[in-house]
Amino acid sequence: MGTVMWAVLALAAGAGVGMCAGRHMGRSAYAREINATIESARNDAEKIRSEAKADGEKTRLESVRLLEKAERDASAIRTDADRIVEEAKQKRDSADRIQAEAELARQRIEASAKDVHDAKLKEAELEIQKKTIERQDKLDKEEKRRLEGIVQTEARLVKKEELLDKRSEMLDAREAELKNVETNIKKAAKQTKKRMKQSEEMLEEAQKKLEEISEMTADEAKAMVIASITEEAKFEAAKIARQIEDDATMEAEKRAKTILSVAVQRFAGDYVAERCVRTVNLPSDEVKGRIIGREGRNIRSIEAATGVDLIVDDTPETVVISAFDPIRREVAAQTLKRLIADGRIHPGRIEETVAKVRQEIDERIREAGDQAFFELGIQNVDSEVIMMIGRLKYRTSYGQNIWCHSIEAAWLCGIMAAELGLDVKLARRVGLLHDVGKAMDHEQEGSHAEIGAEFLKKHGESPLVCNAVAAHHGEAEPESVYAHLAMAADALSGARPGARREILETYIKRLEDIEKISLSFEGVEKCYAIQAGREIRVLVEPNIIDDEKASVISRDIARRIEQELTYPGRIKVCVIRETRAVETAR
């Protein structure tokens, strides 16, 4: 209907327009225009009427289809509802049946449990009776065995009594023989006494004659002879001992100087000096605040993760890392450098960087151990030993790097072994491993020589190598010449000029202690510590100290220094006794 109304309105509008236009056109043209417009309006109205009729039919069909669908859905819902009600009834019946079956099963279980209980009681009674019978049989057998043992013991006692009777008869016979022998011995003793008495009388007569001739008693003559022989023997012994000692000393010094000079001449090594602190340079002072973090959380995280102390003071563009462990210092330094370069400094990033740096340091340690063994040509070494040698690269002694010192000592041992005609590879092995205990001496109790020898023993090193490591500081008895080579190489590497450094106060204190020990001996006039404390010159009073006492004093001073002081290398004690005879010619 709306469409028809719109068509009528359009027709009226067209007619109005035609009327207006007709004022200016002719009557015929005006009529044609009106007819054309009316025809067009009719066509449009017919077309609209057809479309409206089609839309209405389509709407009616759609309504019928929806109605049928609704009826089908309602029928399906009614069917489902009936089915659900039926299933509910069946389930209720099933539940009642299951409950009845459960009650029946409970009654059966109770009856079965009662039967089982009665059966177990009967079985237990039978088991007790059986065990009682077995125990009684066992007791009867044991009693029978005891009776048999008693009978056998009585038989053995009877045999032993017979043997004792036989032995008693034999002892009686031997006693008679011994009495005869004793009688013969007494007779012989009487004859011997008579002969001894005669000999004594003859000796007394001879002694009286000698005393009359020499005008001296026997005791005086004996004492004079003993004193003369003793004095002569002491003089000869001292002379021979002095000669042997001088010859041996000269030969040993000559041979030792030759070997050591060849070894030192053929090897020249460097060293790396380390301290207990390390500095890290910063690009600017603004980075210090980022390292410290909000309320100090970053610096606390770094210290907790690395185990070092960070010192952030007024020093421009510098952070100081303080720790006794060089590996921890290295880890902290590398961590700081990476954090500064990355720019992200927070606790999570710090822990991640520390873990990564520690892994890299472990790889460096292994590479350092492999490098040392490869450089010296040493093979068949346990992996733990290689790691410990690598850790020595981060250990120092008096400022000397222990890794470099060990390699240097290994070369010196090898050179000296070649000069002496010994096994060069074994000597190098001893020299390289002699200070392996310094890689763990802060973790275990004991000297580094002792714990190093125990560590090598656990990891398959030979007893000869372990003894050389344990004895290279005199803490154990050397069992081979390789132990002495380790001592000499260790002293050479540590005592050479420039190898080690000391604090000035410690150095002066050691010199004062050396001189104080030397002056404490009687007869010492003056003493001087020279050659950086590696030699002590002791001047003694010649009227109190003779040559023999001078040797004794030098030995005693050396022992006191060994017991009371700690020092690198060796200290030579030289006692000087000067006697001057002055006479004036007139």
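How many disulfides does the count come to in this protein? The count comes to zero disulfides. A quick reminder of the term: a disulfide is a covalent bond that links the sulfur atoms of two cysteines. Keep in mind as you look around that this is a predicted model.

**The big picture**

Let's start with the whole protein. Its secondary structure comes to 15 helices and eight strands. Of its 586 residues, 26% are buried. Now take the contacts between residues at least 6 apart in sequence: 61% of them join residues at least 24 apart.

Cys413 has a relative accessibility of 1%, so it counts as buried. Cys466 comes out at 8%, and because the cut-off for buried is under 20%, Cys466 is buried as well.

You'll find Ala489 in helix α13, which covers residues 481-495. Is Ala489 buried or exposed? Its relative accessibility is 0%, so Ala489 counts as buried. Along the chain, Ala489 and Cys413 sit 76 residues apart, yet their C-alpha atoms are 5.8 Å apart in space. Leaving out residues up to four places away in sequence, Ala489 touches Ala409, Leu412, Cys413 and Met416.

**Helix α7 and its partners**

Next up is helix α7, residues 347-376. Two packed helices are described by the angle between their axes and the distance between those axes.

| Pair | Residues of the partner | Axis distance | Angle |
|---|---|---|---|
| α6 and α7 | α6: 326-342 | within 9 Å | roughly 130 degrees |
| α7 and α8 | α8: 383-391 | 7 Å | about 100 degrees |
| α7 and α10 | α10: 424-433 | within 10 Å | roughly 155 degrees |

Let's take α6 with α7. Their axes cross at roughly 130 degrees, and α6 and α7 are therefore oblique to each other. The crossing is right-handed. On the α6 side, the contact residues include Ile327, Val331, Arg338 and Leu339, while those of α7 include Ile350, Val354, Arg358 and Ile361. The residues of this contact split into eight nonpolar, three polar and eight charged.

How about α8? The angle between α7 and α8 is about 100 degrees, which makes α7 roughly perpendicular to α8. Among the α7 residues that meet α8 are Ile365, Ala368, Gly369 and Phe373, and their counterparts in α8 include Val385, Ile386, Met387 and Ile389. This contact of α7 with α8 has eight nonpolar, three polar and four charged residues.

Why do α7 and α10 count as roughly antiparallel? Their axes cross at roughly 155 degrees, and angles over 145 count as roughly antiparallel, so that is the label for α7 and α10. Their crossing is right-handed. In α7, the contact is made by Ala372, Phe373 and Leu376, and in α10 by Arg428, Leu432 and Leu433. Those residues divide into five nonpolar, no polar and one charged.

How values were computed: Residues are numbered from 1 along each chain as its sequence is written. This is a predicted model: local features need pLDDT of at least 70, side-chain atom pairs count only at pLDDT 80 or more; totals for chains, interfaces and linings use all residues. Side-chain values use heavy atoms; hydrogens and water are left out. Axes are lines fitted to C-alpha atoms, for helices over the stretch in contact, and angles run from 0 to 180 degrees between N-to-C directions. Helices (H or I, at least four residues) and strands (E, at least two) are DSSP runs, numbered from the N terminus. Angles under 35 degrees count as roughly parallel, over 145 as roughly antiparallel, 65 to 115 as roughly perpendicular and the rest as oblique. A crossing is left-handed if the near helix is turned anticlockwise from the far one by less than a right angle, and right-handed if clockwise. Contact means heavy atoms within 4.5 Å. Ala, Val, Leu, Ile, Met, Phe, Trp, Tyr, Cys and Pro count as nonpolar, Asp, Glu, Lys and Arg as charged, and the others, Gly among them, as polar. A disulfide is a pair of cysteine sulfur atoms within 2.5 Å. Buried means under 20% relative accessible area, exposed over 50%, partly exposed in between (1.4 Å probe, protein chains only).
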